[in-house]
Structures are given as C-alpha cells and as structure tokens.
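My notes follow in the order I made them.

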Amino acid sequence: MSDLLEMMPICDLTKSMDSKDPSEEEISLRSKTANFENFVLAFMDRCFTLIENTRRENIRVDAGTNDDYLNDEELAADAAINDTFLRIVGNSSAAMFSRIFLKLQNYLQGKIVEPTVAGGILASMCKSIVQTNPAQGLAFFVPYLCDCLVKLVGEREGKKKEDHKTDEELQFNLQLLAEVISVKNVQIYRSRGSDILPYIPQICSVLDVTLNLTQKDEYELAHGVIQSLLTWLCHIRLVELSPRLEESTRGWGTTVHVDTINIDWFVPGVQELEIVKGLLTRYLTPLVESLDRYANGTESIEKDVLQRTLKLVWRIVSGVSELTPPEQITKWESVLSTGLEWLDKLTICIPGPQGDIPLRQGLSELMSRVQARICEVGNDDTDSLCALIYVYDILLFCFGLDEDEIGDHLEDHKRDKQHREDRLHRGKKHLHSVILERISIQWETQLWLRYLLVLESLSERTLENIFMLCVHQYSEVRIIAQEIFHKVIGRIGRPIHKLVLPKLLRCLENNPAVTEDMLKGALYLLNNEKFLFFYSWESAAKLWPALITAVHSDKQSVDDLLRDIGIKLNRYYQEFTLYTLPLSNTEPSAILMETVREYPGIQKTSSLSNLSLGDHLHFQELESRILELVTGKNLHWRHHEMAVGMLLTMVTYDHTPTRDTTSLWLKLLLDDQRNIRCMAYQALEGILKLEKVTSRKVPLEDIISVKPGGHPGYPGVRPDNEFMQYKNMELDELEQYWSKPFIVKSHLGYWSWPANERVRIPHTDEDFNHPPDSVRNLIAQFFLDENLVTRFVELNSLEHEKGLDFFSMDRGLFLSFLIENIGPQLAQVFQPHIERLVGSPEESQQRAAAEMVYGLVRGMRFWNFQSAQQAWAWLLPVFQQVLNSVTLETQSDWDLCFSGSSNKADPNRLRVMLELLVTSENLVSQGAFKESSYLLFVNKCLSQNWRIRELYNRTYNILRSHWDHPYTNVRHQIANTLATLLSMDIPLYGVNDKFNVGSGFPTKKMFLDEVIPMLNLNYHNPEFSRDETPVSGTVTPSMRDGTASPSTATDTPNTSSEDVSMTMEVDDDTKKGNRILETVSLWILNQIKISSATITEEMFRVLPFLCQFIGTETDQDVSQSCLQALSYMSASILPDSAIQPLLDMTKKISHSSSYKTKLSMLEYIQVAVFTNFPKVVENPGHRAEVQNQVLHLLQDENLSVRQIAGKILGGLLHSGFIDQTEIDRLLEDLRARIRPRMQRTGKT
C-alpha cells in the first residue's frame, strides 16, 4: 500500500476541476478521490487502536527496565505503519494535512503510551508530521512536550530518591521530543536549521532538568533529545522546494530526472553555529571540566555519575560529529582527506589550555587520561569503560552517520529503487523519493570518504588506549574493544601492522608484568584475524616464535585459544599451500608494464626486481628460529605441534628447505604423535616435488605419424593413436616397447595432439645417483636404513580409530614420490614389509599395505624394464593374495589402490596387474563377496581408459555367461562394470552420423541383441509376436522361418495373460529372465549416471520389459531396479533421431493387456515428453502422436489408466503443448464421445 501511496496525491480532486474537457477516465478517477479523507482517518483510527492494545509487560519482578530490542512482529508492525503514514502525509494537500494533524493532536493530548513498542510507533508518526511541515509541527509539539516535561520533573521535587519509580509518561514525552526533532533516517527533506531556532530556550529548559536524572532509561532518553537537537543544527542536508506530486490527475505516478528535480541545501550558518557553540558551552564544557578534574585526581565521581557523564559526552559528540574533522597527526597524504575545503570554515572547537582546539583532539586527550584514572581507581567499572569505548568509536568513525548506518542506507536505497523501478519505460527517470535518497547517499558517502580513517588521523595514544582495553581484565570490556580494534585494522590495512605487532608481542612475552588476561586478549585478536601471519613474512618472523614460546598460562581458556590457533596452522590436508605466502612478488601483466614504461619519466627496473630479498631474509630467519625451538625439546606438546604446523606452512613452491629442516621432517616421520606424522608426510611430499629427479623427455612428434597441433577431425581410437593401445606382446617385444618414449597422460591424443608437447622416456640407473650433499640423498639414506624403515612401517600400520582408519592419499602420494625419486633400490626395502602386511588379518595393516603398493606401482612408472620386472615378479603374488583375502573392511582400501595405480599410467606397463584381473577364473566358485570385489577392482582399473580396448572386449566376453548370476551383489557389480565397458559406445553427432567414438569397443546394440531374447514378456501384447523382439521389425537371430530351434527355444519372449504379481510358483526360466532383467535395469541407470552422452534409440527396446515389472509383488528387487531405470531414462535429454523410435515403442506398449504396464508407460512418457519438450513440440507429427496415445488410453477399460491419462492430458493443455485449434477439435471429439446426439423417435 505504501508503494501506491507514494505515486498518488492524497487530496480530494473533485473540488479542483483544472481541466476544461476532462475525459471519462479522468472524471471517474476524480470522483474516487473524494473518499481519500475517510480512508486516511480510518487508517489512523486503526493505528491508534493498535497502539492502545500494544504493550510490553515485564514478567519478572526483578526486571527493572524494558528490553530495548523489538521482536520480528513488532519490527514489521512499526515499519509498515510508519512507512504508510509517511507516504500519506508526504503527498497530502494542505487541507488534508491539516485534518490529519488535527486528529493526531486530539489523540495525543493527555495520552500516556508504553514507550518501547507503542511509543515508538506513535513517535514515528509524529516525526513524519514534523518532517512534512516543520513549521506547523514544531509549533505544536515542542511547546506542548516541553511544558509537560518541565511539569512532570517539577512534581518530583521534594520526593525521596527511593520513591522515583518508572515514569512511563515522562519517558514517552522524552522519547517523543527526541523523535520529532530528529533529522536522521528521514525520507522527507523539508527542514532547515532556522525552523527550530525559536524553540531553543524551551528545549534547553527541558535539558536542564532531565540530563542528570538518576534512572538510566530516563537520562538516556534525555541524551537522545540533545543529540537530536545538535544534529538538526549541524546536519548538512538537502531541502525540497516544491511538492513531489502535482495535485491533479496528471500528478499520479510522476517520475523526474535527477537534473530537473527542484532542491536546495541547508548548510549551518552563523546563527546556527552560534547556537551550537552556546549549547556546547552550556552542556559539554561542564562535563569536560568535571572529567578533567576526575582525571587529575582532584575530584572523585561515583560510578553511576561517571557512566552518565561519558554517555552524555558520546551523544553530544555524535550530534556535532559532522562539523568536527578528524584529529590530524601528520600531513595528509590522501587526496580524499583534502577535499571539500569549504567544510573547514564550519569546524567546531572547544576551549583548551592554550586556546581553542579541535573537538576530537581535545576529547581524545581527555578520554585517554580518564581511562588511566578508571583503570587506576575503578578497574571493575565495566559500564564506564564500555561507554568510553563507544566514545572512541564516535571519535574515530562517526561523521554525521556511522559507516554501518551509511551501508544500511545504501542497501535500503538499492532495494527500494529496484522495487519501484519503471521497467516499462526504463530510462533515467525515477520517483521523487528514489532520486532524493540517491542525492542524500551521495553526500553522505562524500563526507565519509573525506573523513575516512587513515594512518595520518590515528594517534598512537588512541591506538594504545584501545589496545589496553582489548587486553583488559574483564571480558565485557575486551569483547567491545576488540571489535573496535579489528575495525581500525581493517580500515587502515597493512600500514598499521607496524604499530600493532609490537603491542601483540609485548603481551606474548613470558614476563611477570604480562597477566593471563593480557595474554588471552592478544590471542583473541590473533585468532580473529583473517590470516595469522598478517600477510608478510616480516611479521610472521616476529609473531610466530612469540606464539610458540607463549607457555606461561595453564588456564583452560588460553589452552583452547592456542589449540584453535594450532588448528589453523597444522594444515595436514592437501590444500595447505592455498594459505602459504610466496616469497616472490606478483608479476604484473607484460602489456601493462609496457604501457607504463612508455609513459615519459618512468625508469625501467632491473630484471631482479621480483626477488624480494627482504622476504627471503625474514623467511630464513623464521625457519631457523622455529627449527631451533622444535629441536630444543623444551616445548609443551601443544606448542610443539603448533611449531611443526608453522614449519609445514613454510613449505612453498619457491623455496627448497635446508638439509637441517629436511632432517627434522624425516625424524618427525617417526614421531609418536599421529598429527605430527601426517604433517611430515605433507612436508616431505612437497620437498620431493621441489627436489625431484630431472625427467627424461623427447618431443611428441618423434613418436606420432601426424603433425602436432592439428585437428584429426574426431575423437577416439584412430590410426595415429593406435600405438597407445594395450597389446599382447612377447617378453622381447615388451622390452623393446619399454625403451621407447611413452605417454602417461590419459587425455593426450584422444582428440588431438597439442603442439610443443614432450613425452617421457624411462630413467636410467645414473639418474638415481644422488649428490652426497643434496636433500634427496639425505632422504635416500634415511629410507635405506632397515631399522628406520621398520619403525616407519610399524607406525604407519597402527590403527588410529576403529572404523575410521581409511586409505590415506597423502601417505600414498608421499610413497609414490619417494619411490619415483629415490629409485628401484627402495623396492627391495619395502618388499618384506608389504608381503608380511598383505597376509595379516588386521585391517590397519591391510590399509598400510594398500598405501605402500599404491606408492610402489605409481612410483615405478618411469623405471627401466629390468627394474620394473624385478618388482612385478614379487608384486604378482601380492595381488593374488589380495584377491583371495580381501574383506569387507579392506575392500575400500584396495579399491583406491587399484584405481589410483591405473590412473595416469601406460597400460602396457601395468600388464602384470591387468592380466591378473581380467581372467574368467575369478568369477567361478569364489563366493558372492570375493566375486563382487573382483569386479569392483576390474571396473576401477578399466574406467574411462580408452587405451585398453582389448581388455574391454575380453572383460565383456567374460561377463556374457554371467548376466543371470545367482548372487545379487555380483549382478550389481556386473551391471556397474558393464556400464563402464559400454561407455565408449558414443555416436558422434554433427561430424559423421555413422561414426562412433568407441570403434572396436563393445556396443549397446551388441549387448541388447544378446540379452533381449533371454527376457520374459509376461503379458500378452499383439504388437510383440513370438517371432519378433520388442523392436520394430527385428527378427530374433535364433529364429528361422518362425520356428525356434530346440537349443534356443527358451530364449524367446514368453508371453502370458497372467499377472506376474499373482503368480506364486516361478520356474527356472522365469527366474533367469528376471535376473537378467535386473542386470539390464541396473546397467541402464549406471550407464546414464557415469556418462554424459545421451541414451541411444536401441535402449528403447527394453521399455516393454521395464514397464511390465513396476509394482510387482513377487520380486521387489527387480521391480525397484526397473523403476529406477525408467526414471533415469525418462529424465534423459534425447537426440532428435530418438524421439520417433520412443513414440513408436510406447505406442506398441499401450496395447498390452496389463494395466500396470500401461500405467508405467504413461508415467514414463509424461516425464520424457516434458524433459524433451522443445524437441517434441516443434514437430507436428510428434505432438499428434503423443496426443493420440494419451487419448487412446483415456478410453482404457481400467479406471487407474484413465485417471493417469486424464492427468497427463491436463498437463499437455496447461503447458500449451496442444494449440488452440486442436483444443477446439478435441473438445468436440470428447463431447461427441460422452454425450451422443439423441435421435427423436415417434411422430414428427
């Protein structure tokens, strides 16, 4: 409603016929505005009723004051009423405004309202009146309220202090007075400073008797009055010079351009500034003098009085903050700080010992001395210290509005602008309120940028005072002070760190002068900082050692903070380098630097400018210091873990650790603490990457027959990449192949050959001759020591937590990098341990064996032929033992081992492992679990590997005799493996419609041709005769001239009119067909899940069998598998060529004798059509076919089928699938069917 009221003048237009020849619409509109007055008065009556029935009561007797916070319901009511009433009075005519104002006056006189909820609503309504017409509003409210307040306070004279109970009438009048003279957060801009000047004496008379009231609720409301008064006089704001809407029918919804809006600006003049100085002399100067005496020790102030004094100073400074520039410590360096020079003439000062001084500077010095005095004589006065912190906040950040208030104002403006935007006409014109808010925000932002906190306006004294409160004894003070401190750091940024770090280090020292509260406060500051090292190695070199040695407290809270900081540093996960600072600076774009160098006067820098020598020095200093602390063995275990985490963070890509650091990491591999060992794995993995053996590579064009960089035209197996395929080779042939260059990247060559690519050749024995003084030689010596390796394997095979001790990729990658860079000699070291652990029944030892086997297989990818064959000679029995002894607990560990070992590797170099897996003996009499585990391992090794076509075909041939495997788990794995085997069967559309990416791989058509004759069609369907399979015109290969041979008679579809759900006895052939159907269903859903390619039209041949099994009771597993397969198929996006085969198949299914089959088909076609809606609806033939099938089943003899068909027909009509012409014809057809024309009989 408020949006509508924003766009219309609230006046009776029937009395002003300004148009000579009004149209009928204009006359009608004018006549309707005659009821505006009744509407407005009725709205106000309802608001008054709500106010009278809204009251917050204190349930607890000991609750002395009301809660200042409103709940969601109260906030919504307040915002809705205030916004609507503001729009009404803002656009009202003079007569309408007088009527509204009179009604509000009559209601307000003598009224006492609860101040928290109802009082806030009523005060906001009065504020809207004053902002709309300041002269009339102030003329009534200020004298009336001031008289009431003076009278109420005067009645208290002579009463005892104990008799002063909560006076809601006094509080409401103070609240109302503060609100009506407030110019903050207003949406109507018509007030000037001169409007309130005649009422200054009356307001001062109220302030004189209310500012020093003893009750907190009362004096805080009085403080709000003086803040609002000072803000009215000092706030620079725009002033509207004309009504927003014209009082005629032409004024409705008027929009304006920012250049045409008629406004003025109010800037405090001489008279307003004199009044402000008089008010400051009258109210602020006594406070400053009192606080000065208190700070000097010549006067003592009670806690309550001190709190009231500080809060009043806070409100006064907030009121004049717009005309008080920040304290200037040094010369301004920012251009923003020197803008708006005309504001310098409006600066407000206060008297000082040597003349007038800027207000913020004088109060900052005074607050510093007051803080010292409070900490000396009343350190437990937390309320006064909190009030002092709020004064610091105002002095640093508030200039008219706090930056948080500016942000809220901006967000509200964006929301209102978007909500009230004229999207029909667009352009730069908006409603008046949107333009005015935009101008107001522009001014607020300019003022905020001019007074933005910078290092030149932050005194060391103020920063020290805030920091001391951050490490105060009481947590209430620390929490508030730390928020301000973080705000200061975030505003100034990195330049302030040089001032902050010495203070933090001072609190982390092991010094008797440092209390536990100071330590806790410093740790909270560090823990809340976004990054602990303050963005530079220079800061980290000072801060991190101080944290490590900060061990002089045993309080639980301090230990918790150190633990949290340690967690942030102990990054024993793979992405720890994301938070590691580099030692080199960022390099700017070459184009940008070239542009800069072309500018006259810019000197060229040397090529060594990116080395950051200073960062290197600090980094080395920090590394040596932490190394000294860790090796000193004088640290608490938590600090020791923290130090190791810091050392891990220092493993960066552009710095190789020293031999001493590497030696420490090797020792930590044998540490008793698991977290330490995990970090050592990470660190040594990074070190091995930095010190890896130089790769032997040759250009790619040496091994391919085409020119790199070209585009072969289609992906998959081609003549130019045929050499990468897995082949059967004799030993001599394999040795020759091994010495040639090879490719480990699985994507290389699949689509094209990149230019300037290099490929690997095997390492030689000389590559593993490590220099004696190298880091790599140090690592090699450690792992060639049998005693150390035995201890390493023992720790690695310990169980951490039952049920949660899984395969660690960190350890596996570390071992792979270790074996790859140290060489074949390590294989002999790990051989006895692997053979022992593989034979162990312990889960943790099996997991450790899987990690070591994974590391060994990946690490020897680049070994020469002799070394690799020696390793495979003893690894083959290991894998055989794994397949024979795998358990449920160790299956996932060996699963990761097999899948990781075959990734990014030349399959011909994994011949031993692959040949062991792809054998038919593993699916014979092994038991359900072992056979399913074997298939799982095979699937992971073959998955997405286009270079092992021979193994794909061999595996498919092995599975052909197991489609009806008796074990459910095995059938699930067969279906999953089958999805992998058929995933290469991808037709390539757009290049060559007959081309298939998986040329030579098993195809879906091959599989379906084989299994469909084995399936049972349990319901009679005339569309599928005994001599045809469920595909258009495809005769079963086993059929000849309509007669089945005796050997294949059981493979034909078995048709029956009986309901399978009611059949209690199932023969062997039916069981076999059901198992195969479950395998096919599981294959379909796995095929769709693992492949991004769409389904092909051959897969629709399975639809009749899937639809017939939905809802059966004899075999729930098969039914659920069919339901999932149908769901996946229906939600698949189909190619254009597959739409017609789909509709042909559903048409045939609709003739089934089973109503369940029809129901399943209807549900399927509904989802399939709407998933492929654009493709189906653009073809008239497809649309007609879908409509005919639905209408055909709308006449089915079964009620359930008719209901589903009717629902689908309704969806087709609602979505526009059937056009209007066809709808008319359809209605006639349906009417003819349900209401046949009656024939008249008898005489005519």
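**Entry 1: terms.** A pocket here is an open set of grid points with protein on both sides within 12 Å along at least five of seven lines, and its lining residues have an atom within 4 Å of a point. I am working on a predicted model.

**Entry 2: second largest pocket.** I looked up the volume of the second largest pocket and got about 590 Å³. H31 supplies the largest share, with five residues. I sorted the lining of the second largest pocket by class and noted eleven nonpolar, eleven charged and five polar residues.

**Entry 3: cavities, the count.** A cavity is a set of points where a 1.4 Å probe fits but cannot get out. I counted 15 cavities of 30 Å³ or more.

**Entry 4: largest cavity.** I read off a volume of about 170 Å³ for the largest cavity. Which residues lie nearest its centre? I listed Val183, Tyr189, His235, Ser440 and Glu444, out of a lining of 16 residues. Two or more lining residues come from each of strand E1 (237-240), helix H15 (403-419) and helix H16 (432-450). H16 gives the largest share of this lining, three residues. By class I noted eight nonpolar residues in the lining of the largest cavity, along with four polar and four charged.

**Entry 5: second largest cavity.** I found about 100 Å³ for the second largest cavity. Its lining has 13 residues. Glu327, Leu395, Leu396, Ser457 and Thr462 lie nearest the centre of this cavity. I looked for elements that supply at least two lining residues each and wrote down helix H13 (359-377) and helix H14 (382-397). Which helix gives the largest share of the lining of the second largest cavity? I got H14, with three residues.

**Entry 6: recap.** For quick reference I kept the leading contributors: H31 for the second largest pocket, H16 for the largest cavity and H14 for the second largest cavity.

Notes: Residues numbered from 1 in each chain as written. Predicted model: local features only at pLDDT ≥ 70, side-chain atom pairs only at ≥ 80, totals over all residues. Heavy atoms only, no water. 1 Å grid on protein atoms, 1.4 Å probe; cavity = no way out; pocket = protein on both sides within 12 Å on 5 of 7 lines; lining within 4 Å. Points joined across faces, edges and corners; volume = space filled by probe spheres on them. Helix = DSSP H or I, 4+ residues; strand = E, 2+ residues; numbered from the N terminus. Nonpolar A, V, L, I, M, F, W, Y, C, P; charged D, E, K, R; others polar.
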